[in-house]
Amino acid sequence: MSSLAQRMSAWAGRLSAPVADVLPVRLGATRRAETGSVPTREMGFDQPLIWVAVALLAWGLVMVYSASIAMPENPRFARYTPTYFLVRHAAWVTIAFVVALLAFQVPVATWEKAAPWLFVLSLVLLGLVLIPHVGKVVYGARRWISIGPFSFQPSEFAKLTVLLYAANYMVRKMEVKERFFRAVLPMGAAVGVVGILLLAEPDMGAFMVIAVIAMGILFLGGVNARMFFLIATILVVAFGLIIASSEWRRERIFAYLDPWSEQNALAKGYQLTHSLIAIGRGEIFGVGLGGSVEKLHWLPEAHTDFLVAVIGEEFGLVGILVLIALFVWLTRRMMHIGRQAIALDRVFAGLVAQGVGIWMGFQAFINMGVNLGALPTKGLTLPLMSYGGSAILVNLVALAVVLRIDYENRTLMHGGRV
């Protein structure tokens, strides 16, 4: 009898052993059972993720000030003070931080229920921005809605709502994900409507990011490889036709291919050439904080789309490598949180966390690639760092949702309820 009991005990041990291996972190259930409580440091949320985000926000605040401090010397900005953009950027960061705190209080289940309605709201806002006297025109593009002293960009909000809607859609369509017309086509139609509204502004950069977010969630949600590559091919052909049908978009491509030519250097290739000059001046260790020359009216949009060029000039190659490392870590960490959620059978939460990782990582990759001359010029800001209130607000709300997912993961893994 004793040998039989030993065999049964060993068999039970083998059955229970893989449970801990399924999850990317320790359950900690034994410790809880022994003490009757969960240690504070094992609960809560991902503090390193917060500190990396805070580091990027603080660095961005400093660089926005550095890149914009000389702008009032330009007649176009003569009515602004040297701290104009710094104060507005700091105000948006503060507002975004408060909104993110509120967003963190919202359970993931509530985000899942609200996802379709938030998507509809974003479509309404994208439609409103196209109405004369409602949408604000800047540099020939109608992308903003004025709200008092501030301007809100609906395309940034659309990135978050499409992400939530795509994750919600994939959860609802899990049983038919192998059938193209029943699973993928409706989602493609929804993204197509968003694309039409964005191209009417025009804002092809935002449409590209949204398309990649939707594609990423389709792939992570389990759409088979054949359908995935079919959709990817359709998107590549569509973007190619959009570029080919627009003269100024074609000029941007030609300028990217030969930015130093006499025809392009003072036209479509002007930003790229001065971005490359700025990064070249920085060499290994940079010229020092505040020492950039290119920001002195040579490099347009230095505080928004081309902030990386100023970082490269003032902090050199070392600064750019540190920046890349921070964004790579941020992206990997959010993907890890998403995997944890999926391991806990929380598919919607997992897809949302991984979708935010794809969004932040892809947009940072595009922005850095443009600044370094590796990609054609595109009007996309650097997440968490570039000047732009709407982007900062939505980025922090998205991070708050990821932190909420991580908080609920930890609660569940320690035997709690969400």
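Asp46 and Arg333 join their side chains in a salt bridge, 2.2 Å from N to O (a Lys or Arg side-chain nitrogen within 4 Å of an Asp or Glu carboxyl oxygen). The pair ties together distant parts of the chain, 287 residues apart: Asp46 sits in the loop between helix H2 (29-35) and helix H3 (47-68), Arg333 in helix H13. Helices here are DSSP runs of H or I, at least four residues, numbered from the N terminus.

Keep in mind that this is a predicted model, where local features need pLDDT of at least 70, side-chain atom pairs count only at pLDDT 80 or more, and totals for chains, interfaces and linings use all residues. Residues are numbered from 1 along each chain as its sequence is written, and side-chain values use heavy atoms, with hydrogens and water left out.

**Salt bridges**
- The whole structure has 7 salt bridges.
- Asp46 and Arg333 are both buried (under 20% relative accessible area, with exposed over 50% and partly exposed in between; 1.4 Å probe, protein chains only).

**Helix H15 (residues 389-413)**
- Arg404 pairs with Glu408, with the closest N and O atoms 2.9 Å apart, and both residues are buried.
- Arg404 and Glu408 are 4 residues apart in H15, so about one helical turn separates them.
- Arg410 and Asp406 form another salt bridge at 2.7 Å, N to O.
- Arg410 counts as buried because its relative accessibility is 17%, and Asp406 does so at 0%.

Conventions:
Helix = DSSP H or I, 4+ residues; strand = E, 2+ residues; numbered from the N terminus.
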